[in-house]
Amino acid sequence: MNVEEYREYCIAKKGVTESFPFDEVTLVFKVMGKMFALCGLDHVPLRINLKCDPDRAIELREEHDGILEGWHMSKKHWNTVYLDSISKDLTKELIDHSYDLVVSKLTKKVKAELEAL
């Protein structure tokens, strides 16, 4: 998956916005104002940070050389994923997992707003 495919996949999800809140090269995706994915556009090869269930995060890191503890993030809840080292299908699955985790933690009110979109 390249950066454009990654961006298009993330931004197509319901309630998602993109921004550069940290600097001009760190692209952040949020669902209803909560971050679920980010990447440094200046990194080669491209790597992304995704939220992950802590137990699953450990399993993924053990199974895939290209999945590491979240760089500059909570090591327990975030993974850094090198996109050139895993399949496009797994990348999409991990993006979906991150999005779903964040949505599951939204308040009832915000979840209702998301559903209404």
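Two residues are said to be in contact when heavy atoms of theirs lie within 4.5 Å. With that in hand, let us walk through this structure, which is a predicted model. Of the contacts in the protein chain with a separation of 6 or more, 48% are between residues 24 or more positions apart.

Let us begin with the overall build. What would the radius of gyration of a compact globule with 117 residues be, and what does the protein chain have? Such a globule would come near 13 Å, and the protein chain has 14 Å, so the value agrees with a compact globule. Along the principal axes, the C-alpha atoms fill a box of roughly 40 × 30 × 25 Å.

Buried residues make up 39% of the 117 residues in the protein chain. The chain exposes about 6700 Å², and carbon and sulfur atoms supply 52% of that area.

Next, step inside. In soluble globular proteins, nonpolar side chains tend to be buried together. Here the largest nonpolar core holds 28 residues, and Y6 and F36 touch the most other members. At least two core residues come from each of α1 (3-11), β2 (26-31), β3 (34-40), β4 (47-51), α2 (54-63) and α3 (88-104). Which helix gives the most to this core? That is α3, with six residues.

Beyond its neighbours within four places in sequence, Y6 is in contact with M1, F29, A37, L38, C39, I48, L83 and I95.

The loop between β3 and β4 deserves a visit too. P45 is found there, and the peptide bond leading from V44 to P45 is cis, with omega near 0°. L46 lies in this loop as well. Is L46 buried or exposed? L46 counts as buried because its relative accessible area is 15%, and the cut-off for buried is under 20%. Leaving out neighbours within four places in sequence, L46 is in contact with N2, V3, C39, G40, V81, Y82 and L83. By contrast, L46 and F20 are 26 residues apart in sequence and 17 Å apart in space, C-alpha to C-alpha.

Two other loops hold residues with a backbone angle worth a look. Most residues other than glycine have a negative phi, and most peptide bonds are trans. M32, in the loop between β2 and β3, has a positive phi near 50°. M32 is partly exposed, with a relative accessible area of 24%. H72, in the loop between β5 (67-69) and β6 (78-82), also has a positive phi, near 60°. With a relative accessible area of 63%, H72 is exposed.

Our last stop is helix α2, where I58 lies. This residue is partly exposed, with a relative accessible area of 44%. I58 and E69 are 11 residues apart in sequence, and their C-alpha atoms are 8.5 Å apart in space.

Definitions and conventions
Residues numbered from 1 in each chain as written. Predicted model: local features only at pLDDT ≥ 70, side-chain atom pairs only at ≥ 80, totals over all residues. Heavy atoms only, no water. Core = buried A, V, L, I, M, F, W, Y, C linked by side-chain atoms within 4.5 Å. Buried < 20%, exposed > 50% of the residue type's maximum accessible area, 1.4 Å probe, protein only. Helix = DSSP H or I, 4+ residues; strand = E, 2+ residues; numbered from the N terminus. Rg over C-alpha atoms; globule rule 2.2 N^0.38 Å. Areas by Shrake-Rupley, 256 points an atom, 1.4 Å probe, with all protein chains shown as cover.
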